[in-house]
Amino acid sequence: MGLFDNAVPGGNITKPLMIALGALLVGKMLSGRSAEAPEQSPAPAPTAPVSTETTSADGGLAGGLGGLLDKLRNAGHGNAADSWVGTGQNQPINANDLGAAIGPQIIREIAQRTGLDEQELLKQLSTALPGIVDRLTPNGQVPQQHQVATAFNS
């Protein structure tokens, strides 16, 4: 996976986790199949408003990397989020804290896209995000959205 090699403890990023990270950070920019999957699958009527309310046209369900970091800061996890961007040690984040910061609608939508149980999704995301964000911000700077999309597509 290039940039993301060894970003996750154990070094293994599964396909569902990459779909989840892509949906969270790059949305429609990830790949044609991932972006179209929710529209092709028969989803219950309540999920349609979730998609239109939460999906940013160019930044994924969390509004891109910057949007995700803002959500974490606003939920009181700024120290952890800033440690991932900075050049020092990455602080962990609890799966439940991550879920509360991202929001239940977004977690539900990502779980549907990946086929993962919501709790398993949060467990994997809380393990992967510190390393992934660290790799996406090698100089302590949040990259432009198109750079994040390029990293996921490579």
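**Close-up 1. Ser83 counts as buried, with a relative accessibility of 10%.** The value comes from a predicted model, and it places Ser83 in the buried class because that class takes in residues under 20% relative accessible area. Ser83 is part of helix H5, which covers residues 78–85. When neighbours within four places in sequence are set aside, the contacts of Ser83 are Gly88, Gln89, Asn90 and Gln91.

**Close-up 2. Helices H7 and H8 cross at roughly 100 degrees.** H7 spans residues 104–114 and H8 spans residues 118–136, and their axes come within 9 Å. The two helices are therefore roughly perpendicular to each other, since angles of 65 to 115 degrees fall in that class. On the H7 side, the contact is made by Ile107, Arg108, Ile110 and Ala111. On the H8 side, Glu118, Leu121 and Leu122 take part. By residue class, this contact of H7 with H8 holds 5 nonpolar and 2 charged residues, and no polar ones. Arg108 of H7 and Glu118 of H8 are among the contact residues, and both residue types count as charged.

**Close-up 3. Helix H1 is mostly covered.** The buried residues are Leu17, Met18, Ile19, Ala20, Leu21, Gly22, Ala23, Leu24 and Leu25. In an α-helix, residues three or four places apart point the same way, because there are 3.6 residues a turn. After H1 comes Gly27, with a positive phi near 50 degrees.

Note on methods:
Residues numbered from 1 in each chain as written. Predicted model: local features only at pLDDT ≥ 70, side-chain atom pairs only at ≥ 80, totals over all residues. Heavy atoms only, no water. Helix = DSSP H or I, 4+ residues; strand = E, 2+ residues; numbered from the N terminus. Buried < 20%, exposed > 50% of the residue type's maximum accessible area, 1.4 Å probe, protein only. Contact = heavy atoms within 4.5 Å. Axes fitted to C-alpha atoms, helices over the stretch in contact; angles between N-to-C directions. Parallel < 35°, antiparallel > 145°, perpendicular 65-115°, else oblique.
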